[in-house]
Amino acid sequence: MSLWHARTRDPEPLQRPRVAGALVGIAAAFPAAAVVAATDSVNGPAQTFDLPPIVIVGLSVVALGAAGFLYGAVFLRAANDRRGSWLFGLGWGLLTWALGPITLGQWILGKPVATGPNAAILLAAHVLWGLLLGLLFPVLQSRIEYSIDTAPSPRRQALDRRADAERAPRDYHLKPVPGHQHR
Amino acid sequence: MIRVISYWKAIIAGIAGAAAWELLARLLLLAGVPVYDATKEFGTLVAAATQPALWWPAGMAMHAAVGALLATFYAYFFWSWLKLRPPLQGLVFSIGWAIVTIFILRPQLQLMHLDGSSHPPYAALFGVADGWAPPASIIVLQAVYGLVLGALYTRPVGRPVGTRRLPAPPLILPPVNLALDSGHGLDEFMFATGIECSYPTIEGGRWRMDEMAMCGHYRHWRRDLELVRALGIRYLRYGPPLHEIYLGPGRYDWSFMDAVAAEMRRLGIRPIIDFCHFGLPDWLENFQNPRVPEALAAYAGAFVERYPWVRHYTPVNEMYVCARLSALEGLWNEQCKDERSFVTAACHLAKAAVLVTQQVRRQRPDAIFVNNESSEFYQACCPDDDVRRQADFENQRRFIPLDLLYARPLRDDIRDFLLDHGLAPDEYDWFLRQDVPERTILGVDYYDWNEKVIEADGQARSLGELFGWYVITSQYFRRYRRMVMHTETNYRNPRGGALWLWRQWHNVERMRKAGVPVVGFTWYSLTDQIDWTIGVSAAIGNVTPVGLFDLNRDLRSVGLAYKQLIEMYRPHVSVDPQWGELEDVPALVPEPGAREAAS
């Protein structure tokens with residue numbers, strides 16, 4: 001994992017991957033929701049969870065926005081890869097499908113969330129969302145990132161980090177060594 | 001970017017893996033074995049089960065597409081994590097995917113075949129309602145897929161020796177024979193960076209690792225040059241791709257370099273041209289070839305004739321490192337592992353540097369030479385005579401190529417070592433008779449692995465930064481007494497890059513305050529590099545995140561820090577060129593042993 005961290009983290013000083021991920025996650029959710037709504041595929045999940053279809057769609061958009069935020073938080077700098085971002089996004093879309101409400105819901109409730117062609121369309125919608133997330137992320141990132149002239153300086157960031165560390169409570173202040181006499 | 005992958009290799013490997021899966025599945029089904037029929041499962045999503053002529057091609061196309069997609073995941077996220085042979089890496093990857101297939105994908109695919117009124121048993125939601133045979137067959141078939149994928153997806157970067165990969169030049173080229181620079185060529189402190197350009201061969205000389213290609217410079221060269229200027233940098237260490245330009249004796253392809261040179265001129269970039277960077281053209285083979293020095297001198301002559309405005313040159317980059325990794329540690333080029341080969345390579349490299357220097361000076365008398373070498377230091381771990389002897393020997397060995405280049409007599413035992421391992425006495429005398437140009441700058445590279453400890457078992461292990469650039473460079477300065485430039489540094493953890501930059505800069509400042517004329521500083525390189533964590537010894541494609549920019553050309557923290565450092569210090573670091581051999585600088589730390597000798 002150290003290899004992964006070394007390559008993905010440190011989006012500073014210009015990039016804002018979490019913000020970009022959340023915004024793109026929400027934006028990419030609309031075409032996916034449109035596909036689901038146009039094919040009436042939302043009815044199955046609506047019946048399973050006993051909620052109106054519009055609420056399911058709304059919750060999905062919010063959840064996919066959160067998934068986009070997580071995408072940015074996990075991939076950080078790597079999400080901005082122009083050549084590989086479609087793959088990251090596609091993988092993330094499949095992950096949200098495989099480990100999201102569709103699979104977990106059926107395991108918890110003991111019945112399928114969707115069956116037949118509607119189940120295939122829900123998968124396709126997740127893949128579409130992921131693909132759009134991956135492809136659009138670098139585009140949006142380039143619009144919201146800091147410019148090279150206005151970026152926060154590494155020195156400022158280092159000082160902020162140090163200040164944060166000094167503010168954090170430390171165990172040895174709270175737990176004096178037994179028998180030790182403070183002067 | 002976390003690694004460079006070969007999409008076409010991954011796609012072919014994935015399709016081949018899916019085809020192998022299908023072949024085995026069909027054979028087992030024909031034999032009556034109850035295996036999971038993934039192709040039918042896919043195909044019957046779009047065609048009736050009674051029409052195999054329709055569902056099989058449709059299913060196979062979908063299966064191959066999934067196989068190809070999975071292979072690109074493998075290439076991006078899994079390849080090279082495990083230190084296993086490639087087929088075994090594929091096998092391990094496939095086992096993980098088999099579990100996902102059994103518990104998630106297959107149940108979901110089966111649900112896609114149901115109508116709304118069906119209600120599968122609870123166990124079917126986990127893919128375990130119909131016995132052990134389908135899950136077991138998925139594991140076996142997925143293993144076959146993984147083995148084929150792993151066996152076929154290898155060497156995602158580099159290319160076979162004998163092939164070329166230069167981009168097509170622009171249709172309209174600006175003129176390149178522009179007016180020469182005025183002035184003496186060293187009118188300011190040289191804040192520099194470099195384009196990583198190593199091009200050694202590996203695998204017995206059959207595979208070329210071309211960092212410019214792997215890092216995307218051939219594709220993004222124009223943007224790279226703009227980024228140099230965006231940070232306020234004017235000096236660029238640049239190694240034209242010798243193996244792509246120098247096609248044979250008297251045969252050159254300048255198309256790429258013409259375009260790059262013209263753009264450098266337009267942007268006001270002063271290149272420090274590096275004639276040989278860890279590799280040779282295919283036809284020159286390797287550094288054991290005695291034709292190398294003359295051939296490189298001819299290339300340098302042709303280069304200077306074509307680009308007469310270029311003032312700064314590095315005849316041969318890091319001769320000691322090149323000789324050591326090519327001929328003693330067996331990683332690059334000739335891949336020898338013996339002292340005789342090392343001596344041969346070191347002497348050929350030093351002779352090449354001498355002849356290149358002479359050739360350039362004939363055509364450009366005011367050229368400035370930046371002879372960079374990796375600053376090495378070996379520390380004995382313990383008071384053991386053998387270990388101390390070895391550390392002492394290695395501390396002399398690091399100087400061999402520079403000593404030969406600067407016509408400096410070697411210590412007796414080191415001279416005897418060279419003579420015992422193939423250097424003829426008249427060749428040694430030839431080196432000592434050479435004239436060292438006045439306009440020479442000693443380039444000292446420094447990384448956190450340059451200082452090593454010799455352990456009791458005789459192995460050298462990296463110590464991290466023990467004494468630092470200031471102390472190690474003091475040793476090099478005392479030996480050669482030339483103006484100094486910090487010609488390479490970087491840091492492999494991006495979070496520590498800015499801090500490392502400032503540490504190196506403070507070393508430079510301390511050296512200048514001590515009285516040594518340090519005339520330049522370099523963060524190497526402009527972008528991240530490929531496979532330098534393993535010394536470019538295998539074609540893996542992993543990114544080494546050391547650049548001012550990553551390989552997407554997005555700024556790293558160290559890039560911004562360097563820009564700010566330059567803005568802060570440029571008005572305060574002046575250069576007063578002191579050509580030729582300089583006086584000693586008493587303020588420097590004394591050489592080990594010098595204090596005892598003085599007392």
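**What share of the contacts in chain A with a separation of 6 or more comes from residues 24 or more positions apart?** The share is 80%, where contact means heavy atoms within 4.5 Å.

This is a predicted model, in which local features need pLDDT of at least 70, side-chain atom pairs count only at pLDDT 80 or more, and totals for chains, interfaces and linings use all residues. Residues are numbered from 1 along each chain as its sequence is written, chains are lettered from A and ligands numbered from 1 in the order in which they are written, and side-chain values use heavy atoms, with hydrogens and water left out.

**View 1. Chain A has 9 helices and 0 strands.** Helices (H or I, at least four residues) and strands (E, at least two) are DSSP runs, numbered from the N terminus. From the N terminus, the order reads α-α-α-α-α-α-α-α-α. Of the 183 residues in chain A, 43% are buried. Buried means under 20% relative accessible area, exposed over 50%, and partly exposed in between (1.4 Å probe, protein chains only). The accessible surface of chain A is about 9700 Å². Carbon and sulfur atoms hold 65% of that surface. Areas come from the Shrake-Rupley method with a 1.4 Å probe; for residues, only the protein chains shown count as cover.

**View 2. Strand β2 (residues 190-194) of chain B is largely enclosed by the rest of the structure, because 5 of its 5 residues are buried.** Both faces are covered. One side carries M190(B), A192(B) and G194(B). The other carries F191(B) and T193(B).

**View 3. β2(B) pairs in the parallel sense with β16 (residues 518-523) of chain B and with β5 (residues 235-238) of chain B.** Strands pair if DSSP finds at least two bridges between them. The β16(B) pairing has 4 bridges. There, M190(B) has G520(B) as its bridge partner. The β5(B) pairing has 3 bridges. Here A192(B) stands opposite Y235(B).

**View 4. A cis peptide bond joins Y524(B) and S525(B).** Its omega is about 20°. S525(B) sits in the loop between β16 and β17 (529-530) of chain B.

**View 5. R155(B) is not a glycine, yet has a positive phi of about 45°.** R155(B) lies in the loop between α5 (133-152) and β1 (159-160) of chain B. Its relative accessible area is 29%, so R155(B) is partly exposed.

**View 6. Q335(B), also not a glycine, has a positive phi of about 55°.** The loop between α11 (319-327) and α12 (339-363) of chain B holds Q335(B). At 27% relative accessibility, Q335(B) is partly exposed.
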